[in-house]
Amino acid sequence: MSAAETRTARLAISSPDAAPLVEIDGLGRVFDLSKRWLNRVLDGSGKVMLTAVDGVSLSIERGGTYALVGESGSGKSTIAKMVVGLLPPTSGSVHIAGADIWAERSLARQRQLRRRIQMIFQDPYASLNPRWRVGSILAEPIKAFGLAADAAAREARVGELLSLVGLDPRDSAKFPHEFSGGQRQRIAIARALASEPEFIVCDEPTSALDVSVQAQVLNLLRDLQQRLGLTYLFISHNLAVVRHMATRVGVLYLGRLVEEAPARELFAAPKHPYTKMLLDAVPDIGMEGVERPSIAGEIPNPINPPPGCHFHPRCPHVMPQCRTVVPPSCAAGDAKVLCHLYDGADHAGTARSAP
Amino acid sequence: MTATLSVRNLRVEIPTRHGVLTAIDDLSFDIAPGEVLGVVGESGAGKSITGSAIIGLLDPPGRIAGGEILLGGERIDNLPPPAMRRVRGKRIGMIFQDPLTSLNPLYRIGDQLTQTILTHEKMTARAALDKAERLLVEVGIPAAGARLSSYPHQFSGGMRQRVVIALALAADPELVVADEPTTALDVSVQAQVISLLKRLCKDRGASVMLITHDMGVIAETADRVCVLYAGRLAEIGKVRDVVKHPQHPYTHGLMTAIPSLKGDPDARLEQIPGSMPRLGAIPEGCAFNPRCGFRLERCRAERPAAYPTSRSEASCFLLDAAGRAPPPETATAARAAGIEVRAGAPTGADA
C-alpha cells in the first residue's frame, strides 16, 4: 500500500462524524507514599502524596492512534493502567463506546467491556508466562470470554491469530523462550487480538526491541489497524516512533497534559515550551551536525512539584503568573495548550516573543 | 600521527559448556587523537564486549584470543593486571550506562573523586579536593563545593552521570570509553549529558569511544562510526557517509528502519526480515547473508573482508572489485539502494 493510500485509509476511518471511541475526562490519580501510621507518629512526619496524573482529559477517535509522550514520571503508564481497568482512578472517568468502565456495576457488562479493551506491554520477556505454550497463551482469552464453540474452533482461531501477526500456526506448540524478542512481541500482540478488541493500549511496545525489529513491529501494528479497524492508545517516550504512528499526540509533563494536537501539527509547530524543548532535544539520524540549543534543568521531583505551571523553573518564557497560577487549557488552532502564553491575556510582549 | 587507540584483528572468545563462542571476530579499527568514534549495533552485536576488552575488564570466562590493542602505539592487551590497573583510570577513562551502579553509594562524591585523583597523580589531599571541586564545576554541578560532601543518592540521574563523567576525566585520560552513557536518562537530560561529554573531551583533546544502540546519538555526536553485526565489522566510516550513504546492506536496512523526525511520517518503514543470529548460531559465510536482500552465491560460503568504497569501508562482497559480477537484477537493486557495486567492474579483470 502506498503512502498516499495509507493516508486516505487513515483519514477515512477517522472521519469526524463518528463519536469518539474513548473519552477520558478529568482523570486523576494520587498515590499515598506515606510511611505507616506508627512511623509517622514516631517521626512526626506528615503524609506524602504523589499526584501521578492530574486532571487529564482527552478523546480518541475510532480507528485513530492517540499517542501519549512524556519523560519518566510523567504519568504515561498510570494513565494506561486506568484506561484498561487495572488501576482505579482517584478522580475523573473513562468512557469507552459510551460506557463508563469504572462505574459499570453489572458484572456481565463489565466482562463485555473488558473484552473490547486489550493491552500490549513493554517487555515481551516479562509479559508471557514462560511455562505456557504459545497455543495456551493465545487460547486463554478465547476461553475466558467464550469466543469459540469448541476446542477445534479455538485451535483454528489460535492458528489464525498466529498467521495474522506473521508467525507460523505450528508455533503454537512452542514455548516463549524459543522465540526472539520481536517474535515474542508478536505473540503478545496476537494475545491482545484474541478477544477481538476494538481498542488496544500499547505501552512502550517497541522500547525493549532492537531497531531492525522495532520497524517490523511498528509496521505490523499499522497493518493490523488497517485490517481490523483498531483504535490505539500508544504510549512512548520515543518521539520519532510517535510521529510515525500517531494521528493525535498528547504531551505529558508531571501528570498534566500540557499540549495535545493532531500529530502533524504538533511536530510541525509545537506550541507549549516543553514540547518545543523536547523536540529540540531528541537526537535524530536526520539531524547530524546540527547545533542544538542547550536545555536547562531536569524534571523536578513529582512528590513536590513546582507550584503554578510545573514547567516554569525550566521555561524560557516564564512570566510572574506562571509561578503561582495553574495555566488553563487554551485552544490554539486544533491544539489545546496548558500555558499562560496562549490564554488570550496580554502579557506585555512576552506572548509575542513566543514563536 | 599515531592513533590514540588501535584495535588490530581483535578476537574475543567465550568458552562455554557447549563449545567456544566467538563474540568478536577479526575486528580492526583506529581512533585518532581527539576523535569521537561511535560504535553501534543491536543487542548482542559485541559493542560492550569490545569496550570491555579495551579496558581489560572482560568478564571471565571471556578472553582475548587473538589480535592486539594498542594505546598510543603501545600494546595494552597483554599487560599484567597491576600495569593494566595503572592504565585504566589514568590513560583510559570509563563511563558506564547506569550511574547508580558506577558510583559507590556509601562514599561521598568528594571522597570518590579525590581517591581517583590521588591514585593516579602525586598531590596533596588538599590539592586533590580542589581539583575535585574544579571538576564538578566543569561538569556543571551547581554549588559544587557543597555537593562534594553529598552521597550519590542525593543527586538526580542526570547529575549523577555528570559526576561519573567528572570521575572518568579526573586523571586527564587520552581515551574515554563511554558505554551507553545516556541510555538510562530521559531525552531532555540525555542531550545535556552528551553535549557536556563532547565538549569536555574536545577541550582536553581526549578521544572518545562512544558505544550505543541509538543511531540518533551517534549521528549527532560522533565523527566516525563503526557498525557491528554479530561480532564482526559491518561498516566503518564518517558518520555522514554511513548515515546518508550506507554501503553495507545491513547498515542500509538499519538506516531505513529507524523512524526519523524528518521525512514522511506516513511512509512505511523498511524492515529487515528476521533478527540478528545468536553467537552460537552465526551462519556460514557472511553473518548477514540469511537476512540480506542482495545475497550472492559466495556470501553463503566465504567471509567478506572490509572493502573500501569512495566513502566508507564495508564488509560486503558487492564491493569486492575482484569478485564476479552479481546477477544484473541484484546489481540494479543494490545500486538503487545507493550501494556502490564494484564486484565485476571492468577493473576487476577476468571475471
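How many salt bridges are there between chain B and chain A? The count is two. This is a predicted model. The briefing covers the contact between the chains, then aromatic pairs, then charges over rings.

**Interface of chain B and chain A**

- Chain B gives 44 residues to the contact, and chain A gives 44 residues.
- About 3,900 Å² is buried between chain B and chain A. Carbon and sulfur atoms give 51% of that area.
- Three residues, B:Glu220, B:Leu261 and B:Asp266, supply 20% of the area that chain B buries against chain A.
- On the side of chain B that touches chain A, the elements giving two or more residues are helix 7 (157-169), helix 8 (187-204), helix 9 (215-221), helix 10 (239-244) and helix 11 of chain B.
- Helix 8 of chain B provides the largest share of that side, six residues.

**Aromatic pairs**

- Over all chains, the structure holds seven aromatic pairs.
- In chain A, the ring centres of A:Tyr253 and A:Tyr274 lie 4.4 Å apart. Their planes stand at 50 degrees, so the pair is tilted.
- A:Tyr253 belongs to strand 9 (residues 248-253) of chain A, and A:Tyr274 to helix 11 (residues 273-281) of chain A. The pair therefore ties together parts that are 21 residues apart in sequence.
- Both A:Tyr253 and A:Tyr274 are buried.
- In chain B, B:Tyr229 and B:Tyr250 form a tilted aromatic pair, 4.5 Å centre to centre with 55 degrees between the planes.
- B:Tyr229 sits in strand 9 (residues 224-229) of chain B, and B:Tyr250 in helix 11 (residues 249-257) of chain B. This pair, too, links parts that are 21 residues apart in sequence.
- B:Tyr229 has a relative accessible area of 4%, so this residue is buried. B:Tyr250 is at 0% relative accessibility and also counts as buried.
- A:Phe311 joins A:Tyr253 and A:Tyr274 in a cluster linked by ring pairs.

**Charges over rings in chain B**

- B:Arg147 places its charged end over the ring of B:Phe155, 4.2 Å from the ring centre.
- B:Arg298 lies over the face of B:Phe317, 3.8 Å from the ring centre.

Technical notes: Residues numbered from 1 in each chain as written. Chains lettered and ligands numbered in written order. Predicted model: local features only at pLDDT ≥ 70, side-chain atom pairs only at ≥ 80, totals over all residues. Heavy atoms only, no water. Phe/Tyr/Trp six-rings, centres within 6.5 Å; stacked < 30°, edge-to-face > 60°. Helix = DSSP H or I, 4+ residues; strand = E, 2+ residues; numbered from the N terminus. Buried < 20%, exposed > 50% of the residue type's maximum accessible area, 1.4 Å probe, protein only. Lys NZ or Arg CZ within 6 Å of the ring centre and 35° of its normal. Contact = heavy atoms within 4.5 Å. Buried area = accessible area lost by both parts, 1.4 Å probe. Salt bridge = Lys/Arg side-chain N within 4 Å of Asp/Glu carboxyl O.
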